[in-house]
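Please follow the chain in the viewer while reading the paragraphs below.

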Amino acid sequence: MSTLLHVSASPRGASSESRALAGTFLDSHLQAHPDVVVEELDLFDGKLPAFGRLAAEAKIAVFSGGQPSAEQQGEWDAARAVSDRF
């Protein structure tokens, strides 16, 4: 079973022409490959976590070989929950 990640990056929502085009592609693809699972990631649905100072400091700590502080950990966990899908 394969997974296809559809990332919607238009702030226009249902009015987006690119979203409509992607929907047509996804419908056709699923008809040809019914075993494919489609995951949706809408960058404008308000579900992405904020990425402020604490999250940025946590990222720098991790990328430099350290660990996020207790204060940063929750922000880092929220960011990782999104990126772990990839």
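Of the 86 residues of the protein chain, 22% count as buried, where buried means under 20% relative accessible area, exposed means over 50%, and partly exposed covers what falls in between, all with a 1.4 Å probe and with protein chains only. The model is a predicted one, in which local features need pLDDT of at least 70 and side-chain atom pairs count only at pLDDT 80 or more, while totals for chains, interfaces and linings use all residues. Residues are numbered from 1 along each chain as its sequence is written, and side-chain values use heavy atoms, with hydrogens and water left out.

The protein chain exposes about 6000 Å², and carbon and sulfur atoms supply 56% of this area; accessible areas come from the Shrake-Rupley method with a 1.4 Å probe, and for residues only the protein chains shown count as cover. As for charge, the protein chain carries 7 positive and 12 negative side chains, and the centres of the two sets lie 4 Å apart. Here Lys and Arg count as positive and Asp and Glu as negative, whereas His and the chain ends are not counted, and the place of a charge is taken as NZ of Lys, CZ of Arg, CG of Asp or CD of Glu.

The overall dimensions come next. The protein chain has a radius of gyration of 17 Å, whereas a compact globule of 86 residues would have one near 12 Å; the radius is taken over C-alpha atoms, and the globule rule is 2.2 Å times the number of residues to the power 0.38. Along its principal axes, the C-alpha trace of the protein chain spans about 45 × 30 × 15 Å.

Three helices and two strands make up the secondary structure listed for the protein chain, and read along the sequence they follow the pattern β-α-β-α-α. Helices (H or I, at least four residues) and strands (E, at least two) are DSSP runs, numbered from the N terminus. Among contacts between residues at least 6 apart in sequence, 55% join residues at least 24 apart, a contact being heavy atoms within 4.5 Å.

Strand 1 (residues 3-8) includes V7, which counts as partly exposed at 38% relative accessibility. Leaving aside neighbours within four places in sequence, V7 is in contact with L41 and L43, and the C-alpha atoms of V7 and E40, although 33 residues apart along the chain, are separated by 6.1 Å. In helix 1 (residues 17-32) one finds T24, likewise partly exposed, with a relative accessible area of 48%; T24 and E39 are 15 residues apart in sequence and 15 Å apart in space, C-alpha to C-alpha.

The loop between strand 2 (37-42) and helix 2 holds P49, and L48 is placed in the loop between strand 2 and helix 2 as well. L48 is partly exposed, with a relative accessible area of 37%, and touches L43 and V82 when residues up to four places away in sequence are not counted. P49 is partly exposed at 31% relative accessibility, and its contacts, leaving aside neighbours within four places in sequence, are A78, A79 and V82. The C-alpha atoms of P49 and W76, 27 residues apart along the chain, are separated by 9.8 Å.

The rings of F63 and W76 have their centres 6.4 Å apart and their planes at 90°, so the pair is edge-to-face; rings of Phe, Tyr and Trp (its six-membered ring) pair if their centres lie within 6.5 Å, and planes under 30 degrees apart count as stacked, over 60 as edge-to-face and the rest as tilted. The pair links distant parts of the chain, with F63 in helix 2 (residues 53-63) and W76 in helix 3 (residues 70-83), 13 residues apart. F63 is exposed, with a relative accessible area of 63%, whereas W76 counts as buried at 10% relative accessibility.
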